[in-house]
Every structure is written in structure tokens, then in C-alpha cells.
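Welcome, and please take a moment to look over the sequence and the model below. We will then walk through them together, one feature at a time.

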Amino acid sequence: MHSPDTATIRWAPFHPLVNKEMWEVLSGRALWTMLLILCPLVGYSFVQAVSLYSEASSAARESAALASGLSPLDGILVPTFGAFYVAVTLLFPFVAIRVLGREKESGALRLLVQLPYRASTLIASKIVAVASAWAVATIPVISALVVWAVLDGHLYAAETINLLLGHLLYGLLIGAIALFAASISESSATAAIITLAFTIGSWVLDFALAGQPGLLEWISRLSLTQTLRPFEQGLLSAGLVFGIAGTIGGFAGLATIWLHPGVALLAKLVRSLFCVAVAGGIVVLATQVRTSFDLTEDRRNSFPAADESALATLREPLVITVRLAPEDPRYADLRRNVIAKLERTLANVSVRLAASGQSVIGSASEEAYGEVEYSYAGRSATSRSTSHREVLPLLYELAGMPVPAPIPGQDYPGYPLVANGQTALPWFFGVLPLLIGIFWWWSCRTPRVLQLFNDGGQS
């Protein structure tokens, strides 16, 4: 009997394929084991975060200034999601690899590619299954948010959803890398090693090149770890989302190319080069997209509204010359408090590191070290401050415009809360793992059709 020619079949129902992939994920041990590990990890991180947040809140009860510095995004959400990030980095690849690796090891892939589906459709169904597995894995984190709300904690919808979106993109990126690794490997163990080489290698890249200027700084941005930081700061960057989507598509395309065992190696290599070139072009284009949105409730990534309105009227190029070594902490403060906000507000800002290639120790003795020069419309001013409260008046003076009056009623009040997070320990260490174990047992039950067959057709 001849196998169907998939090239001539234009359409076949997609949902049976997705149902098969999702059942494969839910019936495997990897996902449920990861969930059981996540419960104490997320629970411990959440309880510690609530404890530290309560201590800070106790000191801020009598001080409005201290209270304004208490944000649940920094104090609760990011630490709690941190445990989830570690689990997704180190454990989620095993869940994603199982979607394809088991079929390759058992030989079922050779039968699967003869079904009336294109290779891209097969990979798309597996990515849907990976996304579903990620959604199931968020149960401990989502329950932590519910517990925080029950404790009367504050959650700001925009920054919470933005953080979830960042972790979703990161999980899909890890899943796409795992699928690619499984497509080029003959065993799941090899695929796991390749995937962990990507993730752990990103950590090394991040630590080794952090704070370096120029090309090294651009390379360090390719680290997988860097993809989450803007979301943790409450920033939704269109260029970052575009770049991550392009990278996910690139790895999915590579997995599609290497999926079919009957394609010649040379053809796979040529198609892979084309796929890498397209994905690389998308990432380069994404770096040119500067549109971003500050979704934090305290607007930490933006200047006050009155200053943003005034700065939006500046049309001339602004040149900033920084005489600081890249590893100097003052440079990090300047970028976070002034330069990054100016780049989001003004259309034409260029930054030049005059101390590039020099170290803090070698440059600290120079008299001009630490100065930041702002040049606008043929005039210049120098400052050593890293605060926008001192820098913005300089810019207004250079532009010949008055300092705008602040808009009243826009101060962030802060959300101090003294709560006992220990009450959530039974949930994360007892009830939730028990419920997960019950669902695990349910997913491993004998299918009804097979059970009827074993009973001789009696019901």
C-alpha cells in the first residue's frame, strides 16, 4: 500500500493533531514532576517575599515617603515569578522535548510524517501543546497571586499581565529551542544537553558581557535572560516582542526543516541557512523598533507627565557625552534614571561613552571623570548627577524654555501591607501537590476504549 502524498493534500482537520499532542504532554511524567517541584519552589519564594514586604511595610506605616516606594511588582510578583523562571529554564525543556523526542525514539515519527499534514503543521501543533504545558505549569504561580489577593494585597492588572506575557514569550522561546534540539537529535538526552547549553550558555553570556559597551553590549542583549528584564521593570517593548516572536519562529522553522527523516542532509543545511538569515534579519529589524509602553502604576520608566509633555516639543538632536566607565554603578543609574527615559521621550538622542575601554580604577583619577555633557541646539551643559530632577532643568535651560509646573495628584501612594505569608505554606506544601497528584493519576488512567476491550466488551 502506498502512503498518501502529503504534497497533494491541501487540508486536513487540525484539532485531532492538537488533541493528540496535548494528550501526549498531559500523560507524561515530565510535566507533573515539574509541577510538583514548582509547588514548594514558588511557595517558598512567595512566603519569603511576603515576609520581607511586611517588614518594609511596618517601617513605612508612619511615612508616606517610605510607603510610596513599596510596589507589589518589585516586592511580590518578581520574586515569586523568579522561582518559576528558574524552573522553566532548567526543567521545562524536558517537557517540551518529550513532545517530539519520544516519537523519534520509538520510530512513530516515520509514521507521523505520512499523515496528511505538512511538516510545518506538525510543528505548529507541537508548539500549541508546549504552550498548553506552560499554561498548566503556571498553576502554582497563579495560585500565589490569588493568595496575595486573599491577603488583601494589591495587584495592578496592566503590570501583572505584562509580566505574565514576558514569561509566556520566554517559555515559548525555551520550548522552540527544545523542539529544534529534539529535531536534530536521535535521543532525548542529547536534545536536553543541547537545550541546556543554550539556556546556561545565556547565563554565562549575560554575566561575562554585562555592562560592556558597543558590540559586546549588543551581543549581551541576545542572552535569553535579557528578554525578561524589561517585563520585570513593567516595560512593554514592541521591538523586544517582535524580536522574541521572530526568534521563536526561527527555531520553529529550523525544527520543521529537520523534522522529516527522508530529506537529504545537504537540502536541510541549505534551508537552515536561509531560515537563520531570515530570523536574523527580523531580529536586526526589531532592534530598530523603539516603541515601548510604561505599564507600571508608578510610571518608573517615564518622566512626570508635565516633563514628558514639555520634552515632546524638543525637535533638535540631543547629544549626551558620558565620561564614565561602563561597569561604573553611576553609569547604570544614569541609564536607568535619565538616558533610557530620554530615549523613550525624545525622537533624536545619541549617547557617546567618552570613557569607553577604560576601567573605573584607571579613570577615577582624571578630573573630568564622572561628568556628563548634554549638547542641544549648539549649547552645552555639564552635570555629574544621575537624577532626572537635576538633569531636566539643564535641558530646559539649553532649550530656552521654562521648567513646567508639576501636575498635582499624580504621586504614587505605594501599597504597604503587613501580612502573615506563613498561612500559605499548607497550600503550597500540602494541598496543591496533593491535587496535582490526583490529576496526575487521572491523566494516567486507562482509556475507556481500551478498558472495554480488556473487559471483553462488557460495560
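Before we meet any residue, one term is needed: a residue is called buried when its relative accessible area is under 20%, exposed when it is over 50%, and partly exposed in between, using a 1.4 Å probe and protein chains only. This is a predicted model, in which local features need pLDDT of at least 70 and side-chain atom pairs count only at pLDDT 80 or more, while totals for chains, interfaces and linings use all residues. Residues are numbered from 1 along each chain as its sequence is written, and side-chain values use heavy atoms, with hydrogens and water left out.

Let us begin with the whole chain. The protein chain has 20 helices and six strands; here helices (H or I, at least four residues) and strands (E, at least two) are DSSP runs, numbered from the N terminus. Of its 459 residues, 41% count as buried. A contact means heavy atoms within 4.5 Å. Among the contacts in the protein chain with a separation of 6 or more, 78% are between residues 24 or more positions apart.

Now to the helices. Two packed helices are described by the angle between their axes and the distance between the axes. The axes are lines fitted to C-alpha atoms, for helices over the stretch in contact, and the angles run from 0 to 180 degrees between N-to-C directions. Angles under 35 degrees count as roughly parallel, over 145 as roughly antiparallel, 65 to 115 as roughly perpendicular and the rest as oblique.

Find helix α13 (residues 238-259) and helix α14 (residues 265-287), whose axes come within 8 Å and cross at roughly 175°. The two helices, α13 and α14, are therefore roughly antiparallel to each other. On the α13 side the contact includes Gly239, Gly243, Gly246, Gly250 and Gly253, and on the α14 side it includes Leu265, Cys275, Ala279 and Ala286. The residues of this contact of α13 with α14 divide into 13 nonpolar, seven polar and two charged. For these classes, Ala, Val, Leu, Ile, Met, Phe, Trp, Tyr, Cys and Pro count as nonpolar, Asp, Glu, Lys and Arg as charged, and the others, Gly among them, as polar.

Another pair to look at is helix α8 (residues 139-150) and helix α19 (residues 425-443), which pack at an angle of about 130° with their axes 12 Å apart. That angle makes α8 oblique to α19. Here Ile139, Pro140, Ser143, Ala144 and Val147 of α8 meet Trp427, Phe428 and Leu432 of α19. By class, the contact of α8 with α19 has seven nonpolar, one polar and no charged residues.

Next come the charged pairs. Side chains of opposite charge can pair when their charged atoms come close. A salt bridge is a side-chain nitrogen of Lys or Arg within 4 Å of a carboxyl oxygen of Asp or Glu, and the structure holds 14 salt bridges. In one of them, Lys126 pairs with Glu103, the closest N and O atoms being 2.8 Å apart. Lys126 lies in helix α7 (residues 119-137) and Glu103 in helix α5 (residues 92-106), so this pair ties together parts that are 23 residues apart in sequence. Both Lys126 and Glu103 are buried.

The side chains of Glu21 and Lys20 also meet in a salt bridge, at 3.2 Å from N to O. Glu21 counts as buried because its relative accessibility is 0%, whereas Lys20, at 28%, counts as partly exposed. Lys20, Glu21, Glu103 and Lys126 are linked in a network of salt bridges.

Finally, visit the loop between β2 (292-294) and α15 (305-311), where Glu297 lies. Glu297 is partly exposed, with a relative accessible area of 24%. Not counting residues up to four places away in sequence, Glu297 touches His154, Tyr156, Glu159, Tyr412 and Tyr415. The C-alpha atoms of Glu297 and Glu159 are separated by 7.4 Å, although these residues are 138 residues apart along the chain.

Arg299 is also found in the loop between β2 and α15. Most residues other than glycine have a negative phi. Arg299, which is not a glycine, has a positive phi of about 50°. Ala377, in the loop between β5 and β6, likewise has a positive phi, near 55°.
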